[in-house]
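Let's take a walk through this one together, starting with the whole chain and then zooming in. Have the sequence and the model open side by side.

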Amino acid sequence: PGRGQATAEQAENIAFASIALDTSVQRGLVVLGAQTSEQTHWPISAGGFLSLYQGGLYAVATPQGDLLTTRYGLPEEANAGTPWQLAAPANFSIERHWVDSDGLSHAQRAEGTMTCGEPQRRELLLTELVLESCHVDYTWDSGQATRAQWWRDPATLRLWEVDEAAWPQGPDISWQVARPWWGS
């Protein structure tokens, strides 16, 4: 593994909920700091943090700027709380508020489209699971486009791995569950 990259041995030696985090400037194993209702908070080096909402990106502090909040808009008929819990293909909206590295505040909305492939075996840090790979395309109000890749459990629809751009021209944020924080 590359410098700072989380290893299975490190994850195996930590009995607490953890994720393997990889951003454009930081990578390594991160241990759950706090959990409040549907949110989890993961402290990262140099006073940074990552917050997930039901396992998806909610907020993050990075040297390239800080994602302050994320809100998802789902179709009225949806019987789900998040886009990754929708049957694919699915359309939804997303709103993100962030402060860039120059200290400028931004708020944008995007239309999202999720398509998922057939479940396949995927090797994770500490286990191997059958997961659906879901590709997400975002078209932002600014006309810019970003993408996300979600790997979800086809039965529970929980996210086990995520790779996405935090905002247009923002940092790439990836994580993979090493030890889950939810019960079986």
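What follows goes from the overall fold to the disulfide and then to one threonine.

A quick word on ground rules: this is a predicted model, so local features need pLDDT of at least 70 and side-chain atom pairs count only at pLDDT 80 or more, while totals for chains, interfaces and linings use all residues. Residues are numbered from 1 along each chain as its sequence is written, and side-chain values use heavy atoms, with hydrogens and water left out.

Start with the big picture. The chain has 1 helix and 14 strands; these are DSSP runs numbered from the N terminus, with helices being H or I of at least four residues and strands being E of at least two. Its radius of gyration is 16 Å, close to the 16 Å that the globule rule gives for 184 residues, so the chain is as compact as a globular protein of that length. (That radius is taken over C-alpha atoms, and the globule rule is 2.2 Å times the number of residues to the power 0.38.) Along the principal axes, the C-alpha atoms fill a box of roughly 45 × 40 × 30 Å.

How much of the chain is buried? Of the 184 residues, 42% count as buried, where buried means under 20% relative accessible area, exposed means over 50%, and partly exposed is in between (1.4 Å probe, protein chains only). As for contacts (heavy atoms within 4.5 Å), take those in the chain with a separation of 6 or more: residues 24 or more positions apart account for 43% of them.

Now for the disulfide. In general, a disulfide is a covalent bond between the sulfur atoms of two cysteines. Here the working rule is a pair of cysteine sulfur atoms within 2.5 Å, and the count comes to 1. Cys 116 and Cys 134 make the bond, with their sulfur atoms 2.0 Å apart. The pair links distant parts of the chain, 18 residues apart: Cys 116 sits in strand E9 (residues 105–116) and Cys 134 in strand E11 (residues 128–140). The torsion about their S-S bond is about 105 degrees, so the disulfide is right-handed. Cys 134 is buried, at 0% relative accessible area, whereas Cys 116 counts as partly exposed at 24% relative accessibility.

Finally, look at Thr 62, which is in strand E6 (residues 56–62). Thr 62 counts as buried because its relative accessibility is 9%. Leaving aside residues up to four places away in sequence, Thr 62 touches Pro 171 and Ile 173.
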